[in-house]
Amino acid sequence: MRIPAGPFYEKWVEVYWNGSRCGVRVIKNYDGSVDIPCRYESNIILSGDTIALKYNGKWGVLDHQNHTLCNHIYERIEKPDYRPCLCMAMKEGKWGLIDNCGGPVTAFNYDQIKPLTIKTYSRKEYNGSRGYSQRFTVWALYNAGQVFAYNDAADMIYPRGFDNIYKLIQVGKPCLVVEKDLKQGLLGLDGTMITRCEYEDIQQLQPYIDDEKACYSYAIVKKSGKWGVIGEEHQLLLNCEFDKIAAVGQAIALKHDNKWGVLSKEVLYQFENDSRDD
């Protein structure tokens, strides 16, 4: 018998193996256990008390009391390591999103699904309050040449879709880098277009993070071969006229006409405040 190195981080379940078959030991209030028989081909922990199990080539979902929540109807179930609220499942050759109990939350008509995630940090306010971090997950669903974005509560973010959705970045708040007609733009998670799709490239300007999780969170955007900076209020802080822009600790370095200059964090904040007042 092969035993994993300790239970999963949830208190309810641990998986054990007998040869090529696995079962589940369910812990109830720490004073006893119920063994789900060792007959399954594979497993995925979905939440604190639900687990996906593969039997005869199909996946279903059980809870921590050995109740069947979802019969073995899925050809595949995949869930990222960071365990968001949803996961991906394949049925009849097409992908959709399901919840942690195996219930469908989207139609199964997508060719591919990609999870996008980001850990964001707040900027410490000027009154000295501490910053914090938070993780966001967005799902990019591909169908017939269009890509649709869903949040981790299975709400569609932008119903018209895009040609591609690249990643999540932090520009004040988390937002998506999307593409339409070979140009990139920024989409807020509330479905608002932050910028039009008019840039050749959009990248995260690496946030500065101090001991209290404080930072600036800007994006750099490329237009006509030159780079500029978009600030946390989604305004263009620096026009697209620089050859290269890079984060350097609490400042950013700018290359223009083969020469480098440096702007401090305080100057950037002043630019941001001035543009906010306009």
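**Exercise 1. How many helices and strands does the protein chain have?**

Solution. Start with the source: this is a predicted model. Next, count the elements. The protein chain has 1 helix and 23 strands. Then look at burial. Of its 278 residues, 45% are buried. Now take the surface. Finish with contact range. Take contacts between residues at least 6 apart in sequence: 33% of them join residues at least 24 apart.

**Exercise 2. Find where confidence in the protein chain is lowest and where it is highest.**

Solution. Begin with the average. The mean pLDDT of the protein chain is 84, and 81% of the residues score at least 70. Helix H1 (residues 265-277) has the lowest confidence, with a mean of 63. S16 has the highest, at 97. Then check the start of the chain. Residues 1-9 have a pLDDT below 50. Beyond near neighbours in sequence, this stretch makes 17 contacts in the model. How should such a region be read? Where pLDDT is low, predicted coordinates should not be read in detail.

**Exercise 3. Describe the largest nonpolar core and name the residues with the most contacts inside it.**

Solution. Count first. The largest nonpolar core holds 15 residues. Ile165, Leu176 and Leu187 have the most contacts inside it. Next, trace the contributors. Strands S11 (112-121), S12 (133-143), S13 (146-151), S14 (164-171) and S15 (173-180) each give two or more residues. S12 gives the most, with 3 residues.

Now zoom in on Ile165. Set aside residues up to four places away in sequence. Ile165 then touches Leu116, Ala140, Tyr142, Val147, Phe148, Ala149, Leu176, Val177 and Val178. Last, look elsewhere. A second, separate core has 13 residues, among them Tyr218, Trp227, Phe242 and Ile252.

**Exercise 4. In what order do the strands of the open sheet of 3 strands run, and is the pairing parallel or antiparallel?**

Solution. Read off the order: S11-S12-S13, with antiparallel pairing. Identify the edges. S11 and S13 are the edge strands, since each pairs on one side only. Then examine one pair. S12 and S13 pair in the antiparallel sense over 6 bridges. Within this pair, Leu141 stands opposite Phe148 in S13.

**Exercise 5. Work out how strands S4 and S5 are joined and paired.**

Solution. Take the pairing first. S4 (residues 42-45) and S5 (residues 50-55) are antiparallel, over 4 bridges. Pick out a bridge: the partner of Ser42 in S5 is Lys54. Then check the connection. S4 and S5 form a hairpin with 4 residues between them.

**Exercise 6. Where do Leu182 and His234 lie, and are they exposed or partly exposed?**

Solution. Recall the rule first. Most residues other than glycine have a negative phi. Now check Leu182. Its phi is positive, near 70°. Leu182 sits in the loop between S15 and strand S16 (183-188). Its relative accessibility is 71%, so Leu182 counts as exposed.

Turn to His234. The phi of His234 is also positive, near 70°. His234 belongs to the loop between strand S19 (226-230) and strand S20 (236-242). With a relative accessible area of 30%, His234 is partly exposed.

Technical notes: Residues numbered from 1 in each chain as written. Predicted model: local features only at pLDDT ≥ 70, side-chain atom pairs only at ≥ 80, totals over all residues. Heavy atoms only, no water. Core = buried A, V, L, I, M, F, W, Y, C linked by side-chain atoms within 4.5 Å. Buried < 20%, exposed > 50% of the residue type's maximum accessible area, 1.4 Å probe, protein only. Contact = heavy atoms within 4.5 Å. Pairing = 2+ DSSP bridges. pLDDT = per-residue confidence, 0-100.
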